[in-house]
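Hi there,

Here is the structure I promised to pass on to you. Have a look at it first, and then read on for my notes.

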Amino acid sequence: QVHLVESGGGLVQAGDSLRLSCAASGDTSCISNMAWYRQAPGKQRERVAGISGSGGTDYAVSVEHRFSISRDNSKNMLYLQMDNVKPEDTAEYYCSADRECPGYVAVTYWGQGTQVTVSS
């Protein structure tokens, strides 16, 4: 089992910066890809950014050049640096982690989420 806990959300103004953190604990061996997702009220959960075990990254078009995903494998941490936030970034943000151990079925774990609210 992998336990993920997000932190760093809050109420900010448009144009501000915010850094989200996700702490992974439990059996963190074999964690490969990690990602941030978000879900706004009445909308489907969408992928914001992802990072592979080797450090390759991908971003949603809506956040590219504003958000930056990173990870510290020595601390089992995932981060999302959010710059120049916009009201449309308001959502519950979730981190995810894929655990892919050889010989076992891959499992994706999710955190409970952290709320980000951006006022105009």
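Below I go through what was found, from the whole chain down to single residues.

Please keep in mind from the start that this is a predicted model. Every value in this email is computed from it.

**The chain as a whole**

What is the protein chain built from? It has 11 strands and 0 helices. If you follow the elements from the N terminus on, you will read β-β-β-β-β-β-β-β-β-β-β.

A compact globule of 120 residues would have a radius of gyration near 14 Å, and the protein chain agrees with this because its own value is 14 Å. Taken along the principal axes, the box filled by the C-alpha atoms is roughly 50 × 25 × 25 Å.

Of the 120 residues in the protein chain, 43% are buried. The accessible surface is about 6400 Å², and carbon and sulfur atoms account for 47% of that. If you look at contacts between residues at least 6 apart in sequence, 54% of them link residues at least 24 apart.

**Strand β5: Glu46 and Val48**

Two residues of strand β5 are worth a visit. Glutamate 46 belongs to this strand, which covers residues 46-51, and valine 48 is found in strand β5 too.

Is valine 48 buried or exposed? Valine 48 has a relative accessible area of 1%, so it counts as buried, the cut-off being under 20%. Neighbours within four places in sequence aside, its contacts include Trp36, Tyr37, Arg38, Phe67, Leu80 and Tyr93. Among the others are Asp58, Tyr59, Ala60 and Val63. Tryptophan 110 lies 62 residues from valine 48 along the chain, and their C-alpha atoms are 14 Å apart.

Glutamate 46 is partly exposed, at a relative accessible area of 34%. With neighbours within four places left out, Tyr37 and Arg38 are in contact with glutamate 46. Which side chain makes a polar contact with the side chain of glutamate 46? That partner is arginine 38, at 2.6 Å.

Serine 32 sits in strand β4. Its relative accessible area is 15%, so serine 32 is buried. Apart from neighbours within four places in sequence, serine 32 touches Ile51, Ser52, Gly53, Arg71, Asp98 and Glu100.

Threonine 114 is part of strand β11, made up of residues 114-119. Threonine 114 is buried as well, with 10% relative accessibility. Its side chain comes to 3.1 Å from the backbone nitrogen of glycine 9. Beyond the neighbours within four places, threonine 114 has contacts with Glu6, Ser7, Gly8, Gly9 and Leu20, and also with Ala91, Glu92 and Tyr93.

Most residues other than glycine have a negative phi. Where does the chain show a positive phi at a residue that is not a glycine? Cysteine 30 is one of these places, with a phi of about 70°, and asparagine 76 is another, at about 55°.

Cysteine 30 is in the loop that runs between β3 (18-26) and β4 (31-39). Its relative accessibility is 30%, so cysteine 30 counts as partly exposed. Asparagine 76 is in the loop between β7 (67-72) and β8 (77-82), and at 28% relative accessibility asparagine 76 is partly exposed.

The loop between β7 and β8 also holds serine 74. Is serine 74 buried or exposed? Serine 74 has a relative accessible area of 65%, so it is exposed. Its side chain forms a polar contact of 2.5 Å with the side chain of aspartate 72. Cysteine 22 is 52 residues away from serine 74 along the chain, and 13 Å lies between their C-alpha atoms.

That is the tour. Enjoy exploring the model, and write back with any questions.

Best wishes

Methods:
Residues numbered from 1 in each chain as written. Predicted model: local features only at pLDDT ≥ 70, side-chain atom pairs only at ≥ 80, totals over all residues. Heavy atoms only, no water. Helix = DSSP H or I, 4+ residues; strand = E, 2+ residues; numbered from the N terminus. Rg over C-alpha atoms; globule rule 2.2 N^0.38 Å. Buried < 20%, exposed > 50% of the residue type's maximum accessible area, 1.4 Å probe, protein only. Contact = heavy atoms within 4.5 Å. Areas by Shrake-Rupley, 256 points an atom, 1.4 Å probe, with all protein chains shown as cover. Polar contact = N/O pair within 3.5 Å; in protein donor to acceptor, adjacent residues only side chain to side chain.
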